[in-house]
Each structure stands twice: as structure tokens, then as C-alpha cells.
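This report describes selected local features of one protein model. Please keep the sequence and the structure in view while reading.

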Amino acid sequence: MTELHPDLRENVRLLGELLGQSIQRYPGLECYELIEEVRAAAKGDRRQESGSGQRLVSLLRKLSDDELLPVTRAFNQFLNLANLAEQYHGIRRKRGHQSDLMVESLGEVFGRLKSGGVSPEELHERVANLRIEFVLTAHPTEVARRTLIMKYDEMSECLARLDHDDLMPAEREEIVDQLSRLVTEAWHTDEIRYERPTAVDEAKWGFAVIENSLWQALPRFLSSLDAALADSTGRGLPLQASPIRIASWMGGDRDGNPNVTHQVTRKVFLLGRWMAADLYLRDIQALRAELSMWQASDELREHVGDTREPYRQVLAKLRERLVKTRDWAEASVNGEAADATDILFENEDLTAPLELCYRSLVDCGLESIANGPLLDTIRRAHTFGLPLIRLDIRQEASRHAEAVAEMVSYLGLGDYLSWSEADRQAFLVNELQGRRPLVPRNWEPSEPVREVLATCEVVAQQTPQALGSYVISMASKPSDVLSVILLLRESGMKYPMRVVPLFETLDDLRGAPDSMASLYEVEWYREYCQGRQEVMIGYSDSSKDAGQLMAAWAQYQAQEKLTEVANQYGVHLTLFHGRGGTVGRGGGPANRAILSQPPGSVNGSFRITEQGEMIRFKFGLPHLAVQSLTLYTTAVIEATLAPPPEPESGWRETMDWLTERSLKAYREVVRENPDFVPYFRQVTPEQALGKLALGSRPARRKATGGVESLRAIPWIFAWTQMRLMLPSWLGSDVALEEAAQDNRLPVLRDMMKGWPFFRTYVDMLEMVLAKSDLRIASYYEQTLLDDEKLQALGADLRDRLRRCIQRLLELKEQTDLLEGEPVFAHSMRVRNPYTDPLHYLQAELLRRNRESEGKGEVPELVERALKVTMAGIAAGMRNTG
């Protein structure tokens with residue numbers, strides 16, 4: 001059995017010990033002893049083969065309402081500290097230390113590609129033109145408060161300072177004292193948000209990730225990419241290359257979120273410019289101190305004349321304009337009169353003077369100075385620009401159709417919504433080819449349409465560098481795309497913005513290739529998109545709609561066919577992957593996911609959403625961000641230059657056979673069983689999730705409705721909390737069972753060996769099954785279900801989960817789950833004694849909560865403790881939704 005790395009184990013022990021000391025000091029010794037008794041019971045129950053949990057359950061049931069909160073808080077806090085230790089362990093740089101989580105270096109991957117036949121010229125061209133865009137989304141899955149996140153970051157810094165063999169005893173003691181103080185501060189800080197963040201708050205959180213981590217990480221990563229490329233090909237990155245870009249949905253995603261208005265979007269654009277100006281000002285101040293040289297090129301002298309410190313003069317002017325830009329943005333955010341004279345607005349206003357200084361230093365033989373902090377700032381300027389972040393806009397297709405319909409009706413041209421797709425296209429293309437405005441100025445639209453048009457006006461006022469993509473959810477026809485372009489043009493848009501259809505449900509994915517072919521057939525559109533198209537693949541909703549196995553296969557086939565269709569029309573396709581953090585929402589290890597994409601679909605460009613707690617796990621610290629950027633970049637380059645082989649035709653038939661069974665089995669339960677929705681509502685904390693103030697978006701698209709109206713995140717969150725993990729395996733259980741009975745497991749093993757897509761799917765399924773827990777799921781049912789029909793359904797689902805685990809072990813020819821992932825397996829074992837009490841407490845608290853609701857009032861301590869259990873379990877599972 002693999003143990004935790006000794007250094008990781010020591011950090012977990014140290015943090016746990018400091019937490020114990022903090023608890024002992026408050027609210028009394030009895031509390032600490034009670035917590036220790038609960039922990040010992042949880043460990044003891046886990047050691048029993050039967051694992052009945054009886055000792056732990058009987059202990060927890062005796063807790064008074066007053067005791068519930070400190071106990072839940074203690075286990076929640078430990079799990080957060082364990083996460084912190086693991087996160088730090090992944091980026092350790094201690095001499096002689098090999099982290100369990102180290103990623104393959106850029107140089108190693110480049111060397112392997114060259115050995116495989118990729119020429120230095122092709123490698124250089126592909127890397128120089130690489131386009132990887134991370135889209136930070138406001139999906140409400142970050143449970144931890146920002147206040148605590150900042151304390152955890154400081155704790156990581158303390159662990160890094162302890163990671164030296166040459167510390168004097170007094171130095172070590174000083175660091176441990178600081179760490180102890182931070183742990184105590186965390187213990188005495190309320191871990192629950194009581195007010196939902198606004199959409200603007202979410203956007204500010206996204207900016208903070210850039211300020212605190214990516215601002216340092218990005219130039220560091222690009223420097224290593226430059227060096228690796230120069231070593232492998234003889235030439236480094238071009239000065240203006242920006243292979244990494246950062247975009248955001250925070251403040252731009254209005255699909256199903258009435259809180260994101262055009263005023264919010266405008267404010268977020270302005271806040272981005274304020275934050276960018278402030279960050280560049282810090283850079284320029286530092287550069288002015290550094291660039292004190294007098295040698296300058298003739299080109300620079302032409303700009304500044306005969307001065308002793310030419311670089312400082314250029315930078316002083318830039319500083320002056322940045323101050324004006326920051327003041328203008330701040331006044332605009334506050335709704336005050338704002339002077340826009342001489343502000344920096346276009347990116348070139350910022351990059352031109354910096355590059356002028358760079359060229360001059362190189363010309364004067366001062367290349368080592370040019371390639372220092374100045375180059376870092378130039379790379380930031382090309383990546384983040386003056387807007388700081390590229391804001392996506394997302395809206396549902398029907399909202400645009402309604403806007404066009406009102407215009408058409410006002411002009412007396414008929415009922416647009418009743419027109420055929422051909423008639424809609426003909427009308428839209430005719431208007432787009434013309435130059436006259438469609439709508440007179442005195443037109444008074446309805447309020448929903450006014451909001452759509454006002455959003456388009458805000459978008460039209462931005463520079464191209466401020467904009468990501470205009471994503472259309474529930475898109476299915478060319479008119480869905482053309483109507484957005486028309487609305488943008490009517491609002492004053494002067495240049496072509498990327499308009500991106502999002503295909504989410506199973507039917508959408510199946511229809512996507514034909515839909516895009518119809519769009520490419522429109523000659524006007526082919527000119528508009530200039531040979532480049534982006535299409536978004538929705539992972540969450542397709543999984544909720546069809547089950548994980550069917551959704552994964554539909555996504556794979558859609559990407560294959562979309563790539564094929566784009567090639568037929570000479571269009572370069574970028575696939576935008578709308579993945580969540582969990583397997584049920586398309587998540588999992590990023591490099592494996594990218595390297596298992598269909599061959600040809602990752603063609604030097606890749607766009608992906610990063611959400612909630614995954615942003616923190618991947619980009620929360622500068623070292624961590626460098627590691628994540630390296631991992632994604634190597635995977636995208638490798639998938640581009642050495643894509644996986646095409647699957648054999650027999651394997652495709654096998655996937656069709658498997659998914660036909662998995663889809664039927666999944667929908668029989670989720671859609672057709674009348675007991676399923678009541679079971680889901682009663683056995684999971686789904687209805688209590690709304691009490692966690694996680695994000696600005698409502699948990700449901702509609703106030704009423706069944707599973708179909710529930711967003712994918714609370715759907716996954718709820719099942720994860722009670723450890724049934726149903727969305728990730730339901731359907732696969734029947735497919736594997738019937739494959740075993742039909743003697744198809746040898747074929748599936750061949751598919752695992754020769755097809756990265758299938759291997760990745762099986763590995764992700766194994767990971768989810770390892771996180772499931774039949775005993776805990778059973779306890780939720782015993783505590784929360786009275787109806788015999790619902791109890792029978794629960795028993796059946798647990799039996800299916802048990803058989804799914806057996807069949808997966810048979811397929812992989814293993815005795816235990818995670819035999820190939822011993823570090824992850826041990827990490828789960830370490831967490832179990834801390835998550836177990838939270839699960840049992842949560843079931844008990846849900847019962848007390850529902851009983852109290854029936855009487856009219858829930859005790860505050862019960863409600864707070866319930867929220868803490870949800871946060872703690874999310875931390876223990878390392879994801880929410």
C-alpha cells in the first residue's frame with residue numbers, strides 16, 4: 001500500500017496539530033476532546049472490514065445543537081488544510097525532492113516530438129502560433145470564502161519557507177509561530193458566506209486571480225517556453241507572441257442569470273481597465289528604477305531627443321498616461337464625469353513604447369537587460385492587454401430571435417418567429433449585406449429586447465482586445481448566429497466579433513455538424529468569419545441529458561464531424577470545451593483529456609472553461625499556475641503534432657452498442673421512473689444548496705420543474721455530497737454488465753490499450769467509483785427516506801453501483817480500485833476519517849432541518865452546521881460541481 005510522501009505527511013501532521021492547538025484554546029477542552037473522540041471513532045469504523053459506522057453514528061446522534069457547529073467546523077477546517085498541504089506538495093522545489101505531481105517539462109515534450117519525426121521548423125511554427133485560451137467562469141462552485149483563501153495562500157508561503165534544510169532553530173520557530181497564528185485566524189473566521197456575491201463581485205474575484213497569481217506566473221511560463229523552444233529549434237518565441245490568453249464569463253454570462261445586465265457588463269469592462277492600469281503602473285514604476293541607461297538607438301533618440309535617461313523619459317510619459325487611464329476608469333465606474341483625454345485605450349498605445357525601449361536596448365548590445373523585467377511587461381501587455389481580460393458574452397438563442405422578431409413586426413414585415421429557417425436566413429443576410437440601419441431611432445422595444453440591444457451597444461463600444469466570444473446557448477440553426485451579428489451591427493459594431501454556437505444536449509451534439517455546414521454554406525458568413533470559426537461543446541448538460549458514457553461518445557463524434565466539415569470549407573476550427581471540475585461535467589486530468597481528443601480536432605488552438613474551485617486548484621498560486629500552463633501547453637502541442645490514431649471501425653461499433661444500452665438505462669431511471677425526482681430531492685441536500693451563497697446565478701433555470709430545470713452544478717453537487725456519484729456512472733453500469741455477459745470485455749481491453757479516448761473514459765469512471773461510498777449513501781437513505789418505494793429505488797441504485805464497481809475491476813483485471821493511482825488512493829484514505837463524520841452529521845442535520853421547517857423555524861446553529869458540512873464535504877472530495 002503506497003503511503004503519502006514523507007514531506008507531505010509531515011505537513012499534514014503539522015497543520016493538523018496546529019489546528020488541534022487552536023481548538024483546544026476555544027471554546028473549551030470538552031470541545032477538543034469530543035472532536036478527538038469523533039475522529040478516533042471514524043478511524044476505528046474505517047478499519048473494520050464491515051465498516052458499519054455504528055460507533056461513529058451513535059456518538060454523533062448524541063450531539064446537542066450547540067456541539068454540532070464546532071465539530072463540523074473542525075473537520076471542515078482540517079480538510080481545507082489537507083488540500084492546502086497537497087496543493088503545496090505539487091509545486092515543491094526542495095533540493096533533491098521529486099513531487100508526486102510534477103509535470104513533464106516543455107523540453108522533454110519537444111525532444112520526444114522531434115524524435116518522432118517533427119521537424120524543428122514545424123515545431124517552431126506551431127508553438128509560435130499557438131492559441132490556448134482559459135475562460136474563467138462564474139459557476140458557483142468555489143465554496144471557500146476569499147478571506148480564507150488568502151489565509152491559505154499565506155500558509156502555503158510559510159510551508160515554502162519551512163522547506164529549507166539550513167534553517168536555524170529560531171528561524172524555524174518563527175515560521176511555525178506565524179503558521180500557528182494563521183491557522184488560529186482561520187479557525188476563528190466564519191467559513192460560510194451569508195450574502196450571495198454579485199456578478200461584479202465574481203468579476204473582481206477573477207481579476208484577483210490575475211493580480212495575485214497569473215500576473216507573476218505568465219511571464220515566468222513564457223520565459224520557460226521561450227528557452228525550451230530556442231533549445232529545440234534554435235529560435236525562441238517572437239516578441240509579440242501570445243500563446244496563452246485569459247478570458248472570462250464573469251459579468252458577461254447572462255444565460256439564465258437575470259442579475260447580469262448591460263450595466264453590470266459595462267462596469268466589469270471598466271473595472272478590468274482600472275485593474276490593468278493599476279498593475280501596469282506598478283510594472284512601469286519598477287522599470288523606471290531599472291532602466292537608468294543612457295545608451296539608446298537612433299529610433300529612440302528621435303522620440304525623446306537628447307536626454308541623459310531616454311528610457312526613463314519614455315516610461316515617465318507612459319506612467320502619466322496610465323494614471324490618466326486609471327482615473328478615467330475609476331470615474332466611469334462611479335458614474336462620474338470622466339476625462340478621456342490622452343488615456344491608453346488601444347493595446348498598441350501600451351505595447352509600442354515598451355517595444356521601442358526593447359529594440360533600443362537590443363541595438364545597443366544590452367540584450368540581457370532587454371530580456372529582463374521589460375520583456376516580462378511586454379509579454380503581459382500582449383497577453384492581458386489594456387482590458388486585462390477578454391470578456392465573453394453568453395445569451396440564449398431565443399432572446400436574439402425575439403429581438404429580431406420585434407424589429408420585423410415594428411417594420412410591418414411579418415411574424416419572424418413563424419418564418420421557415422430559409423426565410424429567416426434570406427432576410428438576415430439581405431439586411432447584413434445592406435448598409436441602412438434596420439430600426440429607426442424612435443422605436444420603443446419591450447424591456448427584454450431593450451436589454452439585449454443595450455448589451456450589444458456596450459459590446460460595440462469595446463476594442464477587439466476586450467472581447468472574447470459571443471456564445472449562443474441553445475443554438476441549432478444558422479439564423480441563430482446571423483441574428484446576433486445583425487443585432488451587434490445595429491448597435492454600432494465596427495469589426496467582426498467571434499460568434500460561437502454552443503451545442504449542449506444530445507440532440508444538439510448530433511445535429512451540430514449539419515448545422516455548421518449550413519452556416520458555412522452562407523457565402524456572406526464565410527467572408528465575415530475570415531476562415532476561422534469557434535464552436536462550443538457543452539459537457540455538463542449533455543451528461544445530465546444522456547448520462548456520462550453516451551455524452552462522452554456524442555461529444556467525441558461531434559468533434560470529429562465538426563472538424564471534418566470545417567476542413568471541407570477551408571475553415572480553421574477552434575473547439576471551445578465547456579468542461580466542469582467533475583467527471584460528470586467533463587472534468588478530469590487536463591492533459592489526458594486533451595490527448596484523447598479526436599485526431600485533428602486540436603489544431604494548434606484550444607479554448608476551455610475553468611470554474612470555481614478548479615481555478616484555485618490550478619491557478620491559485622504562481623508556481624501552481626506555471627505548472628498548469630505547462631501541462632496544458634504540452635498537451636495541446638502534442639495533440640496537434642502527434643495526434644492519437646483513428647479508432648478501429650469495430651471499436652466504433654462497440655461504442656455504439658455500449659451507448660445504446662447506457663442511454664436507455666440512464667433515461668429509464670432519470671426520466672421515466674416517477675419515484676426518481678422525489679428520491680433525489682429527499683436523499684440529497686439539493687434543496688438546501690440554495691442556502692449556500694455560492695454565486696450570483698440561481699440554481700434553477702426556472703423556479704419550478706424537475707431535474708431538467710436544475711443546473712448541472714447543483715445536480716452534481718447534490719450527488720457528490722451523499723457519495724452516490726450517480727451522474728458519472730448511471731448507464732455505464734448496464735453497458736458494462738451486458739458487455740461482460742456478451743463476452744465483449746476482451747474487445748474493451750483492446751480499446752483501452754489502443755484508443756486514448758476510451759482509456760481516459762474508463763480511468764475517469766474508476767476515479768469516480770473510488771469516490772463513491774455505498775455505506776454512506778445507505779445511511780442517507782436510512783435517515784431521510786420514509787417512503788418504501790423510495791427506499792427500494794435507493795437499494796436498487798446502490799446494488800447497481802456495487803455491480804458497476806465489480807465489472808470495472810473485472811475489465812481492468814484489478815483487485816481494488818485505483819491500483820494504478822496509489823497516491824490518489826492514499827489521499828482518499830487519509831481524508832475518509834474527516835469526511836465520514838461530516839456525511840453522518842449532514843444526514844442528521846438534514847433530518848433536523850426538515851423537521852424544524854415543518855414546525856416553522858430552523859435553529860440557527862443547525863442551519864449553520866448544515867452549511868459547514870456541505871462546504872467540508874466539497875473540500876474533502878476536492879470538487880463541488
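Predicted model: local features only at pLDDT ≥ 70, side-chain atom pairs only at ≥ 80, totals over all residues.

Residues are numbered from 1 along each chain as its sequence is written, and side-chain values use heavy atoms, with hydrogens and water left out.

Leu388 is located in the loop between helix H14 (367-384) and strand E3 (390-396). Helices (H or I, at least four residues) and strands (E, at least two) are DSSP runs, numbered from the N terminus. Arg723 lies in the loop between helix H28 (712-721) and helix H29 (726-729).

| Residue | Phi | Relative accessible area |
|---|---|---|
| Leu388 | near 75 degrees | 0%, buried |
| Arg723 | near 65 degrees | 1%, buried |

Which residues does Leu388 touch, not counting those up to four places away in sequence? They are Phe207, Ile210, Trp215, Gly272, Met275, Ala276 and Leu279, where contact means heavy atoms within 4.5 Å. Leu279 and Leu388 are 109 residues apart in sequence, yet their C-alpha atoms are 9.3 Å apart in space.

**Helix H16**

Helix H16 (residues 421-433) consists of 13 residues and reaches 18 Å from its first C-alpha to its last, close to the expected 18 Å; the expected span is 1.5 Å times one less than the number of residues. Its buried residues are Arg424, Gln425, Phe427, Leu428, Val429, Glu431 and Leu432. The cover over these residues includes helix H15 (397-410), helix H18 (478-490) and helix H20 (523-529).

Leu411 lies in the loop between H15 and H16. Is Leu411 buried or partly exposed? Leu411 counts as partly exposed, because its relative accessibility is 31%.

Key
Buried < 20%, exposed > 50% of the residue type's maximum accessible area, 1.4 Å probe, protein only.
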